Number of protein chains: 2
Amino acid sequence: MNKKTIQELGEFGLIKHLTDNIPLVNKSTVKGVGDDCAVLNYESEKDILVTTDLLLEGVHFDLTYVPLKHLGYKAAMVNLSDVYAMGGMPKQITISLGLSKRFTVEDLDEFYAGIRLACNSHEVDVVGGDTTSSMTGLTISITCIGEVEKGKAVYRSGAKPTDIICVSGNLGAAYMGLQLLEREKAVFYQQLEENKGKETPEMAEPDFAGREYLLERQLKPEARRDIILKLKELGIQPTSMMDISDGLSSELLHICEDSKCGCRIYEEHIPLDYETASQAEEFNMNVTTCALNGGEDYELLFTVPMSDKEKIEDMEDVKMIGYITSADDGKVLITRDGAQFDLKAQGWNHIQ
Amino acid sequence: MNKKTIQELGEFGLIKHLTDNIPLVNKSTVKGVGDDCAVLNYESEKDILVTTDLLLEGVHFDLTYVPLKHLGYKAAMVNLSDVYAMGGMPKQITISLGLSKRFTVEDLDEFYAGIRLACNSHEVDVVGGDTTSSMTGLTISITCIGEVEKGKAVYRSGAKPTDIICVSGNLGAAYMGLQLLEREKAVFYQQLEENKGKETPEMAEPDFAGREYLLERQLKPEARRDIILKLKELGIQPTSMMDISDGLSSELLHICEDSKCGCRIYEEHIPLDYETASQAEEFNMNVTTCALNGGEDYELLFTVPMSDKEKIEDMEDVKMIGYITSADDGKVLITRDGAQFDLKAQGWNHIQ
């Protein structure tokens, strides 16, 4: 099949090609792609949430092992996750792309297939964007708009001493998945080197058997809409919340700083998957460190008043890992053997 | 003075440094920078407008002659312009930056000073963004949110035969400004070459005397808030509208396509500034071609019903350049000598 080039379509043709036939599902979407602005209408009983993310090739993703469909899916998902982290529901998304010449229309179809998959399952409308050429790699900028009941947005600043600290799902798996992918990439390039000049190169296939879950956590994270819906159903209004993108330590320190409080969390309560633990052992890494600092799990970290303890105990896939203290008590991790350590942010710092 | 590096501040420190003490002026802004999302509240009698732009170094701007403060100003302004082009008023903006190591905190202060200047004069709140490292040049992604009376957004699709085609300000000046800057850049590099090895290099200063207006139009464009306010005051609801970013021809063809109609415009009525015409002559360029295809003027192109003709005649800085016809009559430019030409889009196509 002939691969159509982006140049043949032109900027406007490309946008039309990518966004045609995207059905709009939300009442709040009045007009999507195709004019100077998208037009939305929200009831005034709703507060509107806006978040934006910039993703750059070579900094945030590596196309040598990330398929474009997965990249589209993840790029959308990390933005939806920010809306959930405010206790809201995402409704609209805009996508801007900077593209170098090496990308074909089929590549972008793949990328958009991932975007659409994420948006469909979270009932989000694609309402706009911008497409431009890039001198270098792929640039992705996504803005997501959502809603929350007026006055009910959950900030980082509302945690109070004695509040219980909760985490959804499990931590460290996405980081382990990244380590696996990086290892296989290194092996691949090493084999390329060894096979130089050979007529029949011998290349071993990467072996990810038994590690599918870790790869999925890295390549296809799932924002926790289910947790937000469940909290609402149970009548729980968290006092503070964030999504875990940079790592549990980093996010918890943000909550403590903004809420002017301290925290005590317990190593033994940090939720881990079996595969994460077993892979960490194979890599000779400390699994707790991975869970604290790995990042990219896109799980929810939130605090609730002590009075909600029983409700939380009944929630599936949510673990209580400690509690909020006064600022004077510091930010502390209690290890399995009872030792105390100060929590430090060692999460990804994208300014290098 | 020691220039502080971005690394010393870190990502969160940098965002705090750049956005601290930005006062919020709009009632619809509930919470600005500093959480997973910004929080807004709009009355349901308002429709919300959302637009986004991605600007890449080497594609959209050239830092050899664009000062960072001007770049910030213009980056904000082009987004505000998209909201005005829907007949609305911009209210909030988010700014994402991808930064390579060569930028200092002072550079970003300059850039943000430009952003703030634009936002202050248009009463827009900076409510969020993202800051990340970049392997290559400067990446800027801006999203602007605004409001318009419910149901009153002006689309590209509402023009009807006999509607009058109007343009604010004058056209082609921004393009002439760009040509001037490009010429001086070439001269500069040529002088560098000629002075190689010389102990006392002789570099002539660029001479822009008498051309300040053209440079200002290129480096510091002004979105036409005043025109939108005046149209409202006069009770004029345009049937279609766009801002002129790619060039008059390109935008007019968009309106004709989306409105399923044709147009007749008259060369003699296209508004030109004296400096544009005189500079075009110096460059041996056709000034009408510059006005039709130059782009980046950020003036407003709009259509109004014939019944509004007298009101438009009374408006300062708005010219009637022709009228809408049925689609069968084509999209036509009538030259000064009465010849007819089909309008063609030769505007910037950023996909190269």
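In strand 3 of chain A, the side chains of Lys46(A), Ile48(A), Val50(A), Thr52(A), Leu54(A) and Leu56(A) point one way, those of Asp47(A), Leu49(A), Thr51(A), Asp53(A) and Leu55(A) point the other way, and all are buried. A residue is termed buried if 20 or more other C-beta atoms lie within 10 Å of its own, exposed if 12 or fewer do, and partly exposed in between, with C-beta atoms placed from the backbone. In a regular strand the side chains alternate between the two faces of the sheet. Because 11 of the 11 residues of strand 3 of chain A are buried, this strand is largely enclosed by the rest of the structure.

The model is predicted: local features require pLDDT of at least 70 and side-chain atom pairs count only at pLDDT 80 or more, whereas totals for chains, interfaces and linings use all residues. Residues are numbered from 1 along each chain as its sequence is written, and chains are lettered from A and ligands numbered from 1 in the order in which they are written.

Helices (H or I, at least four residues) and strands (E, at least two) are DSSP runs numbered from the N terminus, and chain A contains 10 helices and 13 strands. The radius of gyration, taken over C-alpha atoms, is compared with a globule rule of 2.2 Å times the number of residues to the power 0.38. For 352 residues a compact globule would have a radius of gyration near 20 Å, and the 22 Å of chain A agrees with this. The C-alpha trace of chain A spans about 65 × 60 × 35 Å along its principal axes, and 52% of the 352 residues of the chain count as buried.

Chain A is divided into domain 1 (6–149) and domain 2 (164–177 + 213–342), with bounds that come from an automatic or database domain assignment. The C-alpha centres of domain 1 and domain 2 of chain A lie 28 Å apart. Their contact takes 13 residues from domain 1 and 15 residues from domain 2 of chain A, where two residues are in contact if their C-beta atoms, placed from the backbone, lie within 7 Å.

Strand 3 of chain A is joined by 11 bridges to strand 6 (residues 139–149) of chain A, and the two run antiparallel; two strands pair if DSSP finds at least two bridges between them. Within this pair, Leu49(A) stands opposite Gly146(A). Three bridges also join strand 3 of chain A (residues 46–56) to strand 2 of chain B, again antiparallel. Here Ile48(A) stands opposite Leu40(B), and Leu49(A) stands opposite Val39(B).

The contact between the chains takes 58 residues from chain B and 58 residues from chain A. Strand 3 of chain B gives the most to the side of chain B that touches chain A, with nine residues. By class, this side of chain B has 24 nonpolar, 23 polar and 11 charged residues; Ala, Val, Leu, Ile, Met, Phe, Trp, Tyr, Cys and Pro count as nonpolar, Asp, Glu, Lys and Arg as charged, and the others, Gly among them, as polar.

Chain B also holds an open sheet of seven strands in the order 8-10-7-11-9-12-13, with mixed pairing. Its edge strands are strand 8 and strand 13 (340–342) of chain B, each of which pairs on one side only. Within chain B, five bridges join strand 7 (residues 164–168) to strand 11 (residues 318–326) in antiparallel fashion, and Ile164(B) stands opposite Tyr323(B) of strand 11.
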